[in-house]
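The following exercises are to be worked with the sequence and the coordinates at hand. Each task is followed by a stepwise solution.

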Amino acid sequence: MHDTHGTSALLPSDAGQALLIGRIHDPRDQGPSVVALRNGVLVDLTHRFPTVSELLNQDDPAAAVGRAAPARWSFDAVARATLAGDRDAPRFVAPCDLQVIKACGVTFADSMLERVIEEKAGGNPQDAARIRDGIGQAIGAAISSIRPGSREAEEARRYLVREGLWSQYLEVGIGPDAEVFTKAPVLSAVGSGEAIGILKASQWNNPEPELVLAVDAAGRIRGATLGNDVNLRDIEGRSALLLGKAKDNNASCAIGPFIRLFDARFTLDDARRLEIRLNVTGEDGFVLDGHSSIRRISRDLADLVAQTCGRHHQYPDGFMLFTGTLFAPTEDRDAPGQGFTHKPGDVVRIGSPRLGTLINRVTYSEEAPPWTGGIAWLMRNLARRGLLSA
């Protein structure tokens with residue numbers, strides 16, 4: 001992937017004041033290292049924290065990152081190799097490791113209605129415009145102001161059932177329980193600069209720019225990053241039981257470029273106010289721009305975390321939580337009424353001034369580099385490097 005915006009595009013606008021942690025794959029180590037960015041260099045935290053999961057489980061991760069550590073890599077050199085797709089040089093990979101990758105869906109009213117449309121259209125984009133108009137006129141304005149689980153939500157549910165408009169997506173959109181699912185296996189996420197995959201069988205799909213929370217084993221939100229929860233609209237639209245087929249494929253989950261730890265300069269309240277930008281540029285000259293405003297989310301970020309973990313479910317190594325997206329593209333790319341769908345070669349840029357930019361090029365999952373670095377591989381690599389001592 002050629003770099004058209006410079007290596008600084010990966011960084012937040014206030015990078016000099018941000019606590020940024022990530023992971024580097026260095027061919028000399030044949031495996032990943034945990035790093036923090038300081039003054040343009042990447043310091044190596046791996047000898048104290050072999051995994052990001054262990055770092056985030058500390059009582060004070062921000063203080064731990066602030067302690068002295070050896071500098072090993074130039075940020076500019078690693079960023080250039082990352083954006084160039086140079087796998088023979090140290091490059092950034094996804095900034096999480098042993099955390100389970102979870103996701104919440106249908107957390108914004110606009111995208112919730114698009115899920116209803118997918119379902120009613122049976123995954124057929126040609127029927128989507130007609131159904132979108134009908135549903136929008138019937139429930140669009142009212143649904144957007146309803147708080148999930150409230151008395152108003154229950155009244156809306158009864159009305160929609162009577163009108164034959166109720167949907168499983170409305171159930172999780174305005175009902176008491178959020179949709180929480182496992183997006184991808186541990187260690188399978190790709191980072192900035194890597195290919196992101198769609199299935200060849202999918203003819204209607206789109207990126208999903210999202211805020212991703214980094215949560216420790218105790219359910220504490222330690223920081224935030226960006227993610228692309230790629231959505232195969234035709235496959236999920238045929239049946240919600242195909243969610244796994246639509247969501248979990250080779251290279252179908254991108255996270256990065258860094259986890260920004262919470263501190264006095266960047267807090268959970270700051271995350272609640274983030275604006276996330278999306279740009280898709282195709283080799284055919286097509287350009288799509290969009291955004292997702294966390295201010296418009298229907299469920300608070302802390303509530304999404306509480307619905308994911310607690311007495312009912314524990315995550316000893318923590319988890320990364322996709323929080324949903326406002327973005328649901330309807331602009332026609334080719335024939336009228338077909339809507340937007342990806343083409344191989346699309347460059348997807350998901351950015352926020354406080355978190356940097358996640359950049360990936362679209363390919364088919366069947367043609368993306370195979371995922372080979374699982375948990376057993378990571379443990380063997382860390383053991384060989386002498387990094388698993390008590």
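**Exercise 1. The two domains**

How far apart do the C-alpha centres of domain 1 and domain 2 lie? Describe the contact between the two domains.

*Solution.* The model is a predicted one.

Step 1. The domain assignment gives domain 1 as 95-105 + 179-385 and domain 2 as 109-174.

Step 2. Between the C-alpha centres of domain 1 and domain 2 the distance is 24 Å.

Step 3. To the contact, domain 1 contributes 21 residues and domain 2 contributes 19 residues.

Step 4. About 1700 Å² is buried between domain 1 and domain 2, with 48% of it on carbon and sulfur atoms. On the domain 1 side, helix α8 (residues 233-238) gives the most, with 5 residues.

**Exercise 2. The nonpolar cores**

Identify the residues with the most contacts inside the largest nonpolar core, and list the contacts of V305 beyond its sequence neighbours.

*Solution.* Step 1. As a general expectation, nonpolar side chains in soluble globular proteins tend to be buried together.

Step 1. The largest nonpolar core comprises 47 residues, and L211, L213, A271, L301 and V305 have the most contacts inside it.

Step 2. When neighbours within four places in sequence are left aside, V305 is in contact with L213, V215, G219, I221, F319 and L321.

Step 3. A second, separate core has 28 residues, including V34, A36, I259 and M320.

**Exercise 3. Salt bridges**

Locate the salt bridge between R385 and D29, then classify the accessibility of the partners in the pairs D269 with R272 and R273 with D270.

*Solution.* Step 1. The whole structure contains 22 salt bridges.

Step 1. In one of them, the side chains of R385 and D29 meet at 3.9 Å, N to O. R385 belongs to the segment after α12 (375-384) and D29 to the loop between β1 (20-26) and β2 (31-38), so that the pair links parts of the chain 356 residues apart. Both R385 and D29 are buried.

Step 2. In the pair of D269 and R272, the closest N and O atoms are 2.6 Å apart. These two residues lie in helix α10 (residues 268-272), 3 residues apart, about one turn of the helix. D269 counts as partly exposed because its relative accessibility is 40%, and R272 is also partly exposed, at 24%.

Step 3. For R273 and D270, the closest N and O atoms are 2.7 Å apart. Buried requires under 20% relative accessible area. D270 is therefore buried, since its value is 15%, whereas R273, at 40%, is partly exposed.

Step 4. Shared partners also join salt bridges into one network of D26, R28, D29, D44, R72 and R385.

**Exercise 4. Helix α3 and its ends**

Which residues of helix α3 (residues 75-84) are buried, and what is found at each end of α3?

*Solution.* Step 1. F75, V78, A79, A81, T82 and L83 are the buried residues of α3.

Step 1. The N-terminal end of α3 is capped by S74, which has a side-chain oxygen 3.4 Å from the backbone nitrogen of D76.

Step 2. After α3 comes G85, with a positive phi near 70°.

Methods. Residues are numbered from 1 along each chain as its sequence is written. This is a predicted model: local features need pLDDT of at least 70, side-chain atom pairs count only at pLDDT 80 or more; totals for chains, interfaces and linings use all residues. Side-chain values use heavy atoms; hydrogens and water are left out. A nonpolar core is a set of buried Ala, Val, Leu, Ile, Met, Phe, Trp, Tyr and Cys residues joined through side-chain atoms within 4.5 Å. Buried means under 20% relative accessible area, exposed over 50%, partly exposed in between (1.4 Å probe, protein chains only). Contact means heavy atoms within 4.5 Å. Domain bounds come from an automatic or database domain assignment. Buried area is the accessible area (1.4 Å probe) that two parts lose on being put together, summed over both. Helices (H or I, at least four residues) and strands (E, at least two) are DSSP runs, numbered from the N terminus. A salt bridge is a side-chain nitrogen of Lys or Arg within 4 Å of a carboxyl oxygen of Asp or Glu. A polar contact is a pair of N or O atoms within 3.5 Å; within protein, one must be able to donate a hydrogen and the other to accept it, and residues adjacent in sequence count only if both atoms are side-chain atoms.
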